[in-house]
Amino acid sequence: MQEEIIDHEKIKASKRRLLYIFGAMASVLLVALLLYYVNCVRPLDEFRALTEEEDYAAAQTFYDEHLTSLSSNAQKAGEIMSERLQELWIQYRRNDISYDVLSACAEACAYYPEAAQSLEELRSQIDSLQASRSSYSLGERYMEESRYWDAYQAFQEVMEDDILYEDSQALAQEAADAYCSQLAEQARALAQNGQYEEAMASLDQGLERFPDSSVLSEGRQEVYLSYREYTKQTRLNEAQSLLDSQNLQDALYVLSELKKEFPEDEQTLALWAQYEDAYASSVLTSAQPLYDAGDYSGALAVLEPAAELLPDREDILSLYEEADKRVPKWLSDLPCENVSLRGTRKVEESSADMQGNTYAHAILYVEPSALSMQTMQYSEGMETYQLGGNYTRLFATLAIKHDSRGILNDQTGTFRIYGDGQLLLEQSGISQSSDPLPIALDVTGVKELTLSFTSGAGLKYLLGNACVYGIYEEPEQEA
């Protein structure tokens with residue numbers, strides 16, 4: 001086999017051609033890169049530098065002269081302005097930019113559609129943020145002026161997407177704490193000056209605003225205790241003054257209220273113990289002769305306040321109960337219940353009958369509803385009174401009210417009284433011309449007293465001077 005002869009010169013020439021080609025390609029690439037840098041990178045960097053320096057007028061001129069010829073440069077310039085707007089917005093939110101700069105930015109962006117669109121999207125938030133910043137600044141001013149409640153309210157107006165929101169919340173808490181401390185100190189000063197009501201009202205207002213404030217709640221407790229002590233001492237001084245003037249009853253009224261409010265106060269208990277027996281003795285001394293003379297109402301007038309003040313004094317209560325049983329009780333004042341009353345029922349302090357006689361505490365039954373308008377017959381009306389077995393005698397006068405219109409179709413009425421279901425009294429044939437009927441009934445042991453009536457159209461019953469006695473003593477006959 002014949003060996004092939006290598007032409008080294010030919011190989012060297014081929015290598016030189018390849019190197020020329022690569023060199024040419026590299027040169028073209030370098031030129032292209034240089035042109036890209038000169039025509040794209042460097043102009044955009046210069047444009048960016050102008051926008052960062054906020055020289056928007058120069059940036060606009062540069063844009064018109066160097067960037068509009070290439071759509072890619074124009075698009076990139078718009079992106080740079082959008083990015084710049086975002087940076088400016090962040091600065092603005094940080095309070096580092098004014099409306100003037102933002103307006104200049106807006107004017108510069110008029111030639112950059114993408115940037116202008118971004119600015120328009122941001123502009124909708126500008127007014128809210130400006131108000132937010134104004135509130136923040138106002139809060140800082142109020143803090144300097146120690147107007148802490150106003151400062152708290154101002155900081156609360158800062159919007160959540162404001163970069164100062166977290167700072168505003170911290171300052172709001174600081175203002176709230178300062179306000180509560182300030183209010184507590186003012187309340188203490190008012191209390192020391194004896195203005196307890198103003199102090200309490202001030203603290204209550206603060207607690208409405210900050211219900212979880214321990215400073216205010218503790219301050220209120222402190223003022224309240226101080227007020228209680230002041231009130232106690234004032235009332236004790238009042239009681240002592242009454243005691244010094246021998247006004248035992250009014251003094252014990254004061255001490256009684258103090259005992260309820262300060263059950264363990266030694267000074268109050270000591271004064272009460274010192275004068276209780278003397279008061280009870282003076283009451284019994286005044287009431288017993290009245291009772292013995294049969295003036296039970298007079299005795300009750302003396303005993304009643306004492307029974308209220310000294311509910312555990314057996315000597316007072318026993319005489320009070322005995323006198324009370326002998327004093328009449330108005331039937332209209334006792335608990336009652338409508339059973340089948342189908343008319344109107346009312347009580348008048350004074351009412352007159354057909355003959356012109358007047359009665360106190362009159363119970364009136366007026367025109368029950370008719371079951372049949374043809375016959376003018378009315379259903380029976382019934383009402384019960386709870387006596388509880390505590391009374392022995394019932395007195396009243398049954399009459400017809402003075403403005404009754406009369407009985408139609410010759411109808412008359414019937415009035416009945418029952419004691420625990422047993423008939424105690426029945427009066428029939430009642431008309432407008434009937435004479436008043438005095439009633440005196442034994443109701444010993446009766447628990448439930450029932451009044452029953454029927455009538456024709458227009459009849460109005462009057463039960464006057466109706467009263468019951470626990471113990472009734474017949475008046476002595478004159479010789």
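Where is the place of Lys401? Lys401 sits in the loop between strand 8 (393-400) and strand 9 (413-419). Before going further, keep in mind that this is a predicted model.

Is that lysine buried or exposed? Lys401 is buried, because its relative accessible area is 7%, and the cut-off for buried is under 20%. Leaving out residues up to four places away in sequence, Lys401 touches Glu348, Ser351, Ala352, Asp353, Met354, Leu364, Lys460 and Leu462.

**The whole chain**

Now zoom out. The protein has 13 helices and 13 strands. Of its 479 residues, 39% count as buried. Take the contacts between residues at least 6 apart in sequence: 70% of them join residues at least 24 apart. The accessible surface comes to about 27,500 Å², and carbon and sulfur atoms account for 49% of that.

Which residues touch the most other members of the largest nonpolar core? They are Leu252, Leu255, Tyr279, Leu303 and Ile316, in a core of 32 residues. Two or more residues of this core come from each of helix 9, helix 10 (248-261), helix 11 (266-292), helix 12 (296-309) and helix 13 (314-325). Helix 11 gives the largest share, with 8 residues.

Setting aside residues up to four places away in sequence, Tyr279 touches Leu248, Gln249, Leu252, Pro305, Ala306, Leu309 and Leu310.

Five of them form an open sheet in the order 2-7-12-9-10, and the pairing is antiparallel. The edges are strand 2 (336-338) and strand 10 (422-430), each of which pairs on one side only. From one strand to the next, the twist averages 15°. Inside this order, strand 9 and strand 12 (residues 448-454) pair in the antiparallel sense over 6 bridges.

**Cysteines and a serine**

How many disulfides does the structure hold? The count is 0. Cys180 is buried, with a relative accessible area of 4%, and Cys467 is buried too, at 10%. Ser217 lies in helix 9 (residues 214-244) and is partly exposed, with a relative accessible area of 35%. Ser217 and Cys180 are 37 residues apart along the chain, and their C-alpha atoms are separated by 9.7 Å.

**Positive phi in loops**

Ser146 has a phi near 65°, a positive value in a residue other than glycine. Its place is the loop between helix 5 (113-144) and helix 6 (148-156). Gln246 also has a positive phi, about 65°, although it is not a glycine. Gln246 is found in the loop between helix 9 and helix 10.

| Residue | Relative accessible area | Class |
|---|---|---|
| Cys180 | 4% | buried |
| Lys401 | 7% | buried |
| Cys467 | 10% | buried |
| Ser217 | 35% | partly exposed |

Conventions
Residues numbered from 1 in each chain as written. Predicted model: local features only at pLDDT ≥ 70, side-chain atom pairs only at ≥ 80, totals over all residues. Heavy atoms only, no water. Helix = DSSP H or I, 4+ residues; strand = E, 2+ residues; numbered from the N terminus. Buried < 20%, exposed > 50% of the residue type's maximum accessible area, 1.4 Å probe, protein only. Contact = heavy atoms within 4.5 Å. Areas by Shrake-Rupley, 256 points an atom, 1.4 Å probe, with all protein chains shown as cover. Disulfide = S-S within 2.5 Å. Core = buried A, V, L, I, M, F, W, Y, C linked by side-chain atoms within 4.5 Å. Pairing = 2+ DSSP bridges. Axes fitted to C-alpha atoms, helices over the stretch in contact; angles between N-to-C directions.
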